[in-house]
Amino acid sequence: MTDRTVLVAGVGNIFLGDDGFGVETVRRLSAHPLPAGVEVVDVGVRGVDLAYRLLDGYRTAVLVDATCRGGAPGTVYLIEADVGQPLEVPVLDGHRMGPDAVLALLATLAAGTGGEPPGRVLVVGCEPASLEEGIGLSEPVAAAVEEAVRVVLRAVDEAAQPEKETTPC
């Protein structure tokens, strides 16, 4: 268990164009002051590492990644992931474990390790223009990074608020 309440994880492969969106966003996020209890990490393509980090007792996790949802390139999404639903467990491939595969493994890993997954998982995604080999973000995705930083900061501020205690009447 940890006293950290929020994990922000940048996910993606910087060698596949816009797939480096999550990594660049958390790099820029590191220039901003963050509330106590917030940890920001660049997990890149280390999906297994991310899966185990998510079991460290964080209340909230914010995953930042390129997310194909059919919108215009550069569109930023805020998605609430449903970690309570069992998903089909993906084939373990240490090089291709995106947030969906990581989340699918959480229940299995939690049962095997006794770890505690976050109560809430948000994904801040950006519609990519290109996932082809090459370093650097496309123009619309690069322009969306600052918006994504603002979305992450709002989510972190909300998640880092102390839980309100309820008292019986």
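1. Asn13 and its surroundings. Beyond its neighbours within four places in sequence, Asn13 is in contact with Asp19, Gly20 and Val45, where contact means heavy atoms within 4.5 Å. Asn13 is found in the loop between E1 and H1; helices (H or I, at least four residues) and strands (E, at least two) are DSSP runs, numbered from the N terminus. A polar atom of the Asn13 side chain lies 2.8 Å from the backbone nitrogen of Phe15.

2. Basis of the note. The model is predicted, local features need pLDDT of at least 70, side-chain atom pairs count only at pLDDT 80 or more, and totals for chains, interfaces and linings use all residues. Residues are numbered from 1 along each chain as its sequence is written, and side-chain values use heavy atoms, with hydrogens and water left out.

3. Asp19. This residue also has its place in the loop between E1 and H1. Asp19 is buried, with a relative accessible area of 18%; buried means under 20% relative accessible area, exposed over 50%, and partly exposed in between (1.4 Å probe, protein chains only). A polar atom of the Asp19 side chain lies 2.9 Å from the backbone nitrogen of Asn13. Not counting residues up to four places away in sequence, Asp19 touches Val11, Gly12, Asn13, Asp65, Ala66, Ser130 and Leu131.

4. Overall layout. The protein chain has four helices and five strands, and from the N terminus on its elements run β-α-β-α-β-β-α-β-α. Of the 169 residues in the chain, 46% are buried. Among contacts between residues at least 6 apart in sequence, 80% join residues at least 24 apart.

5. E1 and E2 run parallel and are joined by six bridges; two strands pair if DSSP finds at least two bridges between them. Ala9 has Val41 as its bridge partner in E2. Strand E2 (residues 38-44) is mostly covered, with five of its seven residues buried. Together, E1, H1 and E2 make a right-handed β-α-β unit. A crossover is right-handed if, with the strands pointing away from the viewer, the path from the first strand over the helix to the second runs clockwise.

6. Helix H1. Seven of the nine residues of H1 are buried, namely Phe21, Gly22, Val23, Glu24, Thr25, Val26 and Leu29. What do the buried residues of H1 pack against? They pack against E1, E2, E3, E5 and H4.

7. Arg28. Arg28 is found in helix H1 and is partly exposed, with a relative accessible area of 26%. A polar contact of 2.9 Å joins its side chain to that of Glu24. Such a contact is a pair of N or O atoms within 3.5 Å; within protein, one must be able to donate a hydrogen and the other to accept it, and residues adjacent in sequence count only if both atoms are side-chain atoms. Leaving aside neighbours within four places in sequence, Arg28 is in contact with Val145, Glu146 and Val149. The C-alpha atoms of Arg28 and Glu146 are separated by 8.0 Å, although the two residues are 118 residues apart along the chain.

8. Nonpolar cores. A nonpolar core is a set of buried Ala, Val, Leu, Ile, Met, Phe, Trp, Tyr and Cys residues joined through side-chain atoms within 4.5 Å. The largest one has 24 residues, of which Val6, Val8, Phe21, Val62, Val64, Val124 and Val152 touch the most other members. Two or more residues each come from strand E1 (6-11), helix H1 (21-29), strand E3 (60-66), strand E5 (120-126) and helix H4 (139-159). H4 gives the largest share of this core, eleven residues. A second, separate core of 15 residues includes Leu7, Val43, Tyr77 and Ile79.

9. Val6. Apart from residues up to four places away in sequence, Val6 touches Gly37, Val38, Glu39, Tyr58, Thr60, Val62, Val156, Ala159 and Ala160.

10. Cysteines. The structure holds zero disulfides, a disulfide being a pair of cysteine sulfur atoms within 2.5 Å. Cys68 counts as exposed, at 56% relative accessibility, whereas Cys126 counts as buried, at 1%.
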